[in-house]
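Have it open while you read.

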Amino acid sequence: MTALVTGGCGFIGGAIIRRLIAQGVKVVNLDKLTYAATPDSLADLPPDRYRLVVGDICDTALVRTVFETHQPDIVVHCAAETHVDRSIDGPAAFLESNVTGTFTMLDAAREWWAGRKGTQRFVHISTDEVYGSLGPVDPAFTEQTPFAPSSPYAASKAAADHLVRAWGHTYGLPVLTTNCSNNYGPWQFPEKLIPLMILSGVEEREMPVYGHGRNVRDWLHVEDHADAVWTVLQNGVTGQTYNVGGNSELQNIDVVRRICDRLDERAPGAGDRRRLIRHVPDRAGHDARYAVDAGRIRRELGWRPTRSFDRGLAQTVDWYLENTEWWKTIRAQSYDGRRLGVAKDATAIQLATA
Ligand code: NAD
Ligand code: TYD
């Protein structure tokens with residue numbers, strides 16, 4: 001079996017590739033190597049079973065060539081722009097990669113697989129953010145929850161999910177979609193909450209919590225996510241969507257306090273890390289709560305998360321403490337931890353219309 005994984009140099013794509021290789025699958029990784037890419041995470045994979053093609057999923061000619069050259073049976077489509085704050089600052093790249101890029105991948109798969117025999121599958125990796133935001137006592141998102149994306153990132157992913165559905169319905173492309181909650185774990189680019197807070201804590205810099213800090217996310221370890229994708233690839237029903245979640249809802253402030261406490265235990269600093277927590281102006285349009293009902297994938301395919309958040313978080317903090325060389329290069333060269341997504345215009349518009 002040969003898998004074409006897009007965005008495999010990213011955080012989740014990398015975990016999925018390691019999982020596929022461990023299962024004996026040959027992998028071709030098509031990745032543009034944006035700021036978020038970490039090819040290092042795949043450096044130890046066997047060259048006879050793993051191949052990186054550097055390129056853009058929006059490049060139709062290149063994508064066609066990749067299909068013709070490598071003849072994949074399966075596509076796992078992870079490539080995307082993924083950070084909500086960056087989507088507030090510059091939405092265009094999100095529409096390009098997430099919408100046009102998904103269209104390009106779907107159409108190239110349709111062309112290449114048409115009339116060819118085999119058990120092809122196109123698995124689209126999506127997010128729970130397509131469902132919008134929940135109130136404190138609303139039931140968790142199910143696969144039937146209507147889409148109501150709030151951020152440019154979420155809207156671009158929702159658009160991509162609709163394209164996937166349409167290519168399945170109209171052309172019979174064998175599509176499956178997973179909508180997963182917030183991931184954490186090794187190799188996550190330090191712009192997202194958990195790695196950003198770990199690095200700020202290690203360096204004893206201020207830890208910026210947006211607004212009151214009571215926004216809720218449902219956390220899942222990235223390797224549990226990779227297991228879920230493998231399960232869907234093997235046993236998922238074509239055309240189906242599967243919610244994937246950690247059943248681990250926490251307020252941001254609680255997550256940040258746990259990171260402080262683990263760091264104090266493993267790398268004592270100049271004082272209690274909680275002293276570094278700062279409440280800073282909120283993200284524009286900040287979603288209050290995400291929670292995923294992963295009942296379908298549990299009942300129908302037998303998948304469930306295996307790591308508790310506390311164990312997974314402790315391992316993740318330790319991993320960042322042990323892999324300083326990787327993230328120090330990022331901090332020095334590509335992203336120093338500065339605040340993103342302040343959206344001065346949005347604030348001005350909100351004030352003007354208040
Ligand atoms: P990431 O930002 O860590 O990595 C994205 C990867 O895609 C990078 O290697 C980048 O170079 C590549 N890429 C971006 N645009 C590309 C393009 N036009 N052509 C080729 N490659 C391109 O992302 P991630 O956190 O690993 O997320 C992977 C997927 O999972 C995304 O589709 C995301 O929407 C989804 N997802 C993420 C989370 C999360 O918590 N991070 C949760 C649920 C779903
Ligand atoms: P993030 O990791 O960006 O994921 P998402 O926005 O996709 O859920 O953020 C997780 C939560 O943490 C979200 O509610 C925003 C909040 N947050 C902060 O409070 N401070 C930060 O510096 C960042 C990056 C996020």
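1. Which helix does Arg 86 lie in? Arg 86 belongs to helix α3, residues 84-89. (Helices are DSSP runs of H or I with at least four residues, strands are E runs of at least two, and both are numbered from the N terminus.) Arg 86 counts as buried because its relative accessibility is 18%; buried is under 20% relative accessible area, exposed over 50%, and partly exposed in between, with a 1.4 Å probe and protein chains only. Its side chain makes a polar contact of 2.6 Å with the side chain of Glu 191. A polar contact here is a pair of N or O atoms within 3.5 Å; within protein, one must be able to donate a hydrogen and the other to accept it, and residues adjacent in sequence count only if both atoms are side-chain atoms.

2. A word on ground rules. This is a predicted model, where local features need pLDDT of at least 70 and side-chain atom pairs count only at pLDDT 80 or more, while totals for chains, interfaces and linings use all residues. Residues are numbered from 1 along each chain as its sequence is written, chains are lettered from A and ligands numbered from 1 in the order in which they are written, and side-chain values use heavy atoms, with hydrogens and water left out.

3. Now ligand 1. There are 29 residues around it, and Ile 12, Asp 31, Thr 82, Tyr 153 and Lys 157 come nearest; a residue is near if one of its heavy atoms lies within 4 Å. Nitrogen atoms of ligand 1 turn up in several pairs: a backbone N or O atom of Lys 32 sits 3.0 Å from one, a backbone N or O atom of Ile 57 is also 3.0 Å from one, and a polar side-chain atom of Ser 97 is 2.9 Å from one. On its own ligand 1 exposes 840 Å², and the protein buries 97% of that (Shrake-Rupley areas, 1.4 Å probe; for residues, only the protein chains shown count as cover). α1 (11-22), β5 (121-127) and α5 (152-171) are the elements giving two or more residues to this shell.

4. Ligand 2 has 18 residues around it, the closest being Glu 129, Pro 208, Arg 217, Arg 283 and His 286. A polar side-chain atom of Glu 129 is 2.5 Å from an oxygen atom of ligand 2, and a polar backbone atom of Leu 193 is 2.8 Å from an oxygen atom of the ligand. For Pro 208, a backbone N or O atom lies 2.8 Å from a nitrogen atom of ligand 2. Taken alone, ligand 2 exposes 510 Å², of which the protein buries 97%. Two or more residues come from each of α6 (193-202) and β8 (207-210).

5. On cysteines, the whole structure has zero disulfides, a disulfide being a pair of cysteine sulfur atoms within 2.5 Å. Cys 9 is too far for a bond, because the closest cysteine sulfur, in Cys 78, is 11 Å away. Cys 180 is in no disulfide either, with the sulfur of Cys 78 again the nearest at 11 Å. Cys 9 is buried at 0% relative accessibility, and Cys 180 is buried at 3%.

6. Last, helix α7. Its 14 residues (222-235) reach 20 Å from first C-alpha to last, close to the 20 Å expected, which is 1.5 Å times one less than the number of residues. α7 is mostly covered, with 10 of its 14 residues buried, including Trp 230 and Leu 233.
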